Amino acid sequence: MSRRAGLAALLLCVVAASGCAHYPVNAQLAAPSGKGGYRFPQMVADRPDPADELFVCLSFSGGGTRAAAFSHGALLRLRDIDIGRGGPPRSLLDEVDCIAGISGGAFTAAYYGLFGKAGLDTFYDRFLKRNIKAELALRVANPVNLARLASPYFSRIDLAAELYDETVFDGRTFANLPQRPFVILHATSMANGAPFEFTQAEFDFIGSDLGTFPVARAVAASSAFPFLLSPVSLRSFPPPAGYTCPTTSRMASRSGS
């Protein structure tokens, strides 16, 4: 009798897990964000910054762990190039204003954005030398997660995002990213095949607040391989009261109609 009761309790837990599992929903934007949120920083004329001497943007392409390793090596090399010209030490890496990344390159871009130069010395152990695919497979095989995957609102990409969040990005969100270097994580909209950037300017169009969004989910969306991993789901909200579409977007809409 006790064995049957145990099996019944296990079955109940499985059903409950599958019914409650849901991907984290992106937050609704309460008010027009204007110039706030995670946007490319505006230069301030009365507060010159030595890092404004050069404008440097990096673009990290995809290609799995090899792409992440290549972009990590590029950052290490930039760190070692001194451009101080005999004055205070300053590396070429200090001049980097923005980093765009997709797929494997998104891991390096996001990690450096969150942890800076100190992160260059930990990225190898925390990501590059690990077998992330094997770790994800073990999570999928976990009976509890198998039950969660039975939910129509939870999939393997959500498990992947959880893995990245817990073991690589330490639960950080876009609110934790500094304005410099400005990190642009790229993905593709499955609705129309258009490029999608994880910036507040892009999130304005879906009435959502990027600040509370986990960086790991953006990286998961950027690195999701079609058919192997499902897309990351984002909820689109009505625009907040007072929101006006940017002039450039209105002009582009008219020219394309």
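Q: Which hand does the crossing of H7 and H9 have?
A: This is a predicted model. In it, H7 passes H9 in a crossing that is right-handed.

Q: Is H7 oblique or roughly antiparallel to H9?
A: The axes of helix H7 (residues 156-167) and helix H9 (residues 215-223) come within 8 Å. They cross at roughly 130°. Only angles over 145 degrees count as roughly antiparallel. H7 is therefore oblique to H9.

Q: How many charged residues are in the contact of H7 with H9?
A: H7 brings Ile157, Asp158, Ala161, Tyr164 and Asp165. H9 brings Ala216, Arg217, Ala220 and Ser223. By class, five of these residues are nonpolar and one is polar, and the charged ones number three.

Q: Is H3 oblique or roughly antiparallel to H9?
A: The axes of H3 and H9 come within 9 Å and cross at roughly 160°. The crossing is right-handed. An angle over 145 degrees counts as roughly antiparallel. So H3 relative to H9 is roughly antiparallel.

Q: Which are the edge strands of the open sheet?
A: Four strands form the sheet, in the order S2-S3-S4-S5 and with mixed pairing. The twist from one strand to the next averages 20°. An edge strand pairs on one side only, and that applies to strand S2 (56-60) and strand S5 (195-197).

Q: How many bridges join S3 to S4?
A: Strand S3 (residues 96-101) and strand S4 (residues 182-188) run parallel. Cys98 stands opposite Phe182 in S4. The bridges that join S3 to S4 number four.

Q: Which helix lies across S2, S3 and S4?
A: The helix in question runs at about 150° to S4. It spans residues 104-120 and is helix H3.

Q: How many residues apart are Cys57 and Cys98?
A: Cys57 lies in strand S2 and Cys98 in strand S3. The pair links distant parts of the chain, and the separation is 41 residues.

Note on methods: Residues are numbered from 1 along each chain as its sequence is written. This is a predicted model: local features need pLDDT of at least 70, side-chain atom pairs count only at pLDDT 80 or more; totals for chains, interfaces and linings use all residues. Side-chain values use heavy atoms; hydrogens and water are left out. Axes are lines fitted to C-alpha atoms, for helices over the stretch in contact, and angles run from 0 to 180 degrees between N-to-C directions. Helices (H or I, at least four residues) and strands (E, at least two) are DSSP runs, numbered from the N terminus. Angles under 35 degrees count as roughly parallel, over 145 as roughly antiparallel, 65 to 115 as roughly perpendicular and the rest as oblique. A crossing is left-handed if the near helix is turned anticlockwise from the far one by less than a right angle, and right-handed if clockwise. Contact means heavy atoms within 4.5 Å. Ala, Val, Leu, Ile, Met, Phe, Trp, Tyr, Cys and Pro count as nonpolar, Asp, Glu, Lys and Arg as charged, and the others, Gly among them, as polar. Two strands pair if DSSP finds at least two bridges between them.
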